[in-house]
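Here is a short report on a two-chain model. It starts with backbone details and then turns to packing and the interface.

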Amino acid sequence: MTALRVGLDVGGTNTDAVVVDEAGEVLTWHKSATTPDVLDGIRSALAAVLADVDREAVGQVMLGTTHPVNALIRRRGLARVGILRIAAPATLSISPLSSWPRDLAALVRGQVEIIRGGHEYEGTEISPLDEDATAAFARDCRDRVDAIAVTGVTSPANPDHELRARAIITEILGDDFPVTLGHEVGGLGLLERENSAVLNGALRFVGLEIVHGLESALAAEQLDADIYLTQNDGTLLAAAEAARRPIMTIGSGPTNSMRGAAYLSGLTDAIVMDVGGTSTDVGLLIDSFPRESALAVEIGGVRTNYRMPDLISVGLGGGSILRPVDGTGPAAGPDSVGHEINRHALIFGGGTPTLSDVSVMSGRADFGDIRLAEKVLDAGRVSETISWVDDRIQLLADRIKAAHVDLPLIAVGGGAHLVPDRVEGVSEVVRHRFGGVANAIGAAIAEASGSVDRSMRYDDSSREECLAEASAAAIDAAIHAGADPANTRITTVNEIPMAYMPGNSARVQVKAVGPLLARTTTASK
Amino acid sequence: MTGRAIGLDDIEDLALGAVVLGTGGGGDPYVAKIMLAEAIEKYGPVPLVDAADLDPDGLLLPVAMVGAPTVIVEKFPNGNEAHTVLRALEEHRGDKGVAVMPIEVGGMNTLFPIAVAAELGLPCVDADSMRRAFPQIEMTLLTLDGISSSPMTLADVKGNYVYFDAQDNATGEKLVRACVAQMGMIAVMSAYPMTAAQCARHAVNGSVTFALEIGRRVNAIQQGKPGAYDEFLTFCEAQILFTGKVLDIERHTTAGWARGTVTLEHLDDRSRVMRVDIQNENLIAFEDGVPLATVPDLITLMDIETGVPMTTESLGFGQRLHVIGMPAHPRWITPDGLALAGPRAFGYDLDYVPLGGAR
């Protein structure tokens, strides 16, 4: 039996772990502070939950982590990347990385070349691929860069030139040399896709470090299980693939939390309020998945075309520090004692009044020693502060909603006790005893996926044929990623019509998702 | 005025002004913004000049990037197209170009001509042909004054170019669309070639500065400066028509137009609903079915808290927005102006309504 799954989530404050069984029941969980070396926290969380279950039965371990985004924000452990754009004579007016923060560009930029090639929107070549220039670029990169990013014009629709370029490069630099292709990490939008490919190359060491670290943590526990990382959209990447494409995992935290909330509550359409120690993220679940933001997302100051959950974040959490009463401004936050709440909050014998103290004094939570807080805070202050909190929460719930339909609200996260039981415009407030580790549960229950993002011309074949072709390609990709063919379904079909185009052309985005195929054989090591 | 120039520090403000004047359309200025930054870094700030200060007989090069926005983000220009266009025009007309001119000051084509000016080593004229953005090339104040959009020139990234004369500006528009389709859906266009004297007389002079000044005021809103919203509205002679929350966004394409509607519910009074109709640009704002603002007046949506002006693509559910109405250049509010770019020109069975509605 290899039916148990371990879900791990490394956040800015906490590292959480859960074990779920085949039926999706949560068997055990563990929450601890994120450690300076993230892997230490993962190891101890893993050891803690494995102590409670039959480790022989664990078949899969899923990890969501802030590792890569922290590496980019802190500019740490980044690889130098050779950048090849296949586009000339198009696009010469904008150089690669030209809109990047200068310090990040200086760390990452290796050899840069824009060569002839790429495709038109309808699939013909802009120019044939300049194979000699590709080879010259590869030779120039030898011993100078750690990774190479290759991006061709319109490659999501036609990746031929990117694929051929990689073959030429690996022939010269070796099969193991890491080459990221634009179409593997991004959709339409050349600059954003190129940025994603370069960021992915820059994260090469970070990706390896996570996967190797997790593998060694599993080995230390003598755990023989398949490893997956969760992606931005809440679906899974197998370890080897995650080491190759770490950029795909970069925004998985909020997604995992929302998917976990959907799973625990059994709701498909709801507001999710994730109240942590320092901040609250509010998002909207539609058909069990987070509604995505309409805007391009910047990572470490670099614009990419990833779609992240559409979140509103505010500085309100269990550790938010109360502010002096002056009649204006917020009653608490954005300063927070964060994960040191167990030392600093009044109820824990500290000297800093926090929202957790207020929550305990108003009867919303029951932990710590209420008498310690009562010595410092009077009832008037508490009731003023809690009604300020209620106003904020009501405003957040109202802002995230698309219409004036009363929706349920799922309160998760360590600070969920701050959410009142009644919120105007909310049909009910749903809590779950495992709500504090919703993010790790979201990782544990994640499914495999595949997607397609290309421009199609409906006049070559009918619209239905085009959509069927795109759907089939997405399903194939999901199955390739480990989804059970019998249960793989299409979750998203977006058609974005193209203005000014002759005939009927559209950008077609399709995503297929399916549960991981149960592990039947042990992967040979 | 002398000594003005567009430098790196102006780009952000100019782009903000371009989105306001783009009224939701005109193309996301993102690519043009990076292109301009790179051109200024390479060639230095671009002098901004008044047409009246140029040699009256000097040839101006009004330019725009034309094509499908979805293709422009994949296959943007290489910088040589403008050289091709200028060379073609100079060869056929026999005179030398003295300055570049934006055709519109809304969306990406506010910034793109300035990048072109940098690449060509020419100044940019502080003028345009409409003081907003429109989706069709004949929709200009120049057309109203009988100035031909021809000869028109289109150049693609490969160095191909087309130079043609159309009998009227509406036909010119059709020919441009046909050519652009064969040029990989993106081209650099020059139209309405004219002298500096013609520009001074018939174009909207000062409109680049107008866009920049609007952008500065929007920036002040975004910085949270006290009174900034009022200062912005006063400068634009604009009014807030409605303040609401986005309830619904609907988009589709018919006949090459990105059409759609956005529905907002009033923040203070849920019984009030506003619908903004979109055909590339925001065209008409209806409150409970009654038009409060119509094209050619400008309708811009702006986030009430952050001051971010919205392009149609960036609209999202739940956003809290001001619907802002801004008067069009007065030359548009004339019988011939409204015939060319009023509601009926966009297929509405509706007459132009002065800003704020016929109250």
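Where is B:Pro296 found? B:Pro296 lies in the loop between β16 (290-294) and β17 (298-303) of chain B. Helices (H or I, at least four residues) and strands (E, at least two) are DSSP runs, numbered from the N terminus.

This is a predicted model: local features need pLDDT of at least 70, side-chain atom pairs count only at pLDDT 80 or more, and totals for chains, interfaces and linings use all residues. Residues are numbered from 1 along each chain as its sequence is written, chains are lettered from A and ligands numbered from 1 in the order in which they are written, and side-chain values use heavy atoms, with hydrogens and water left out.

**Backbone**

| Cis peptide bond | Omega |
|---|---|
| B:Ser150 and B:Pro151 | about -5° |
| B:Val295 and B:Pro296 | about 10° |

B:Pro151 sits in the loop between α6 (141-144) and β7 (152-155) of chain B. In chain A, A:Thr91 is not a glycine, yet has a positive phi of about 70°. A:Thr91 belongs to the loop between β5 (81-88) and α3 (102-108) of chain A.

**Helix packing**

Helix α4 (residues 81-93) and helix α5 (residues 112-120) of chain B pack at an angle of about 75°, their axes 9 Å apart. Axes are lines fitted to C-alpha atoms, for helices over the stretch in contact, and angles run from 0 to 180 degrees between N-to-C directions. α4(B) is therefore roughly perpendicular to α5(B) (65 to 115 degrees). From α4(B), B:Ala82, B:His83 and B:Leu86 make the contact; from α5(B), B:Val116, B:Glu119 and B:Leu120 do. Contact means heavy atoms within 4.5 Å.

**Interface**

In chain B, 44 residues are in contact with 42 residues of chain A. The two chains bury about 3700 Å² between them, 55% of it on carbon and sulfur atoms. Buried area is the accessible area (1.4 Å probe) that two parts lose on being put together, summed over both. B:Tyr30, B:Glu74 and B:Phe76 lose the most area on the chain B side, together 19% of what that side buries.

The rule finds seven salt bridges across the interface of chain B and chain A. A salt bridge is a side-chain nitrogen of Lys or Arg within 4 Å of a carboxyl oxygen of Asp or Glu. B:Lys158 forms one with A:Glu120, the closest N and O atoms being 3.8 Å apart.

Methods: Parallel < 35°, antiparallel > 145°, perpendicular 65-115°, else oblique.
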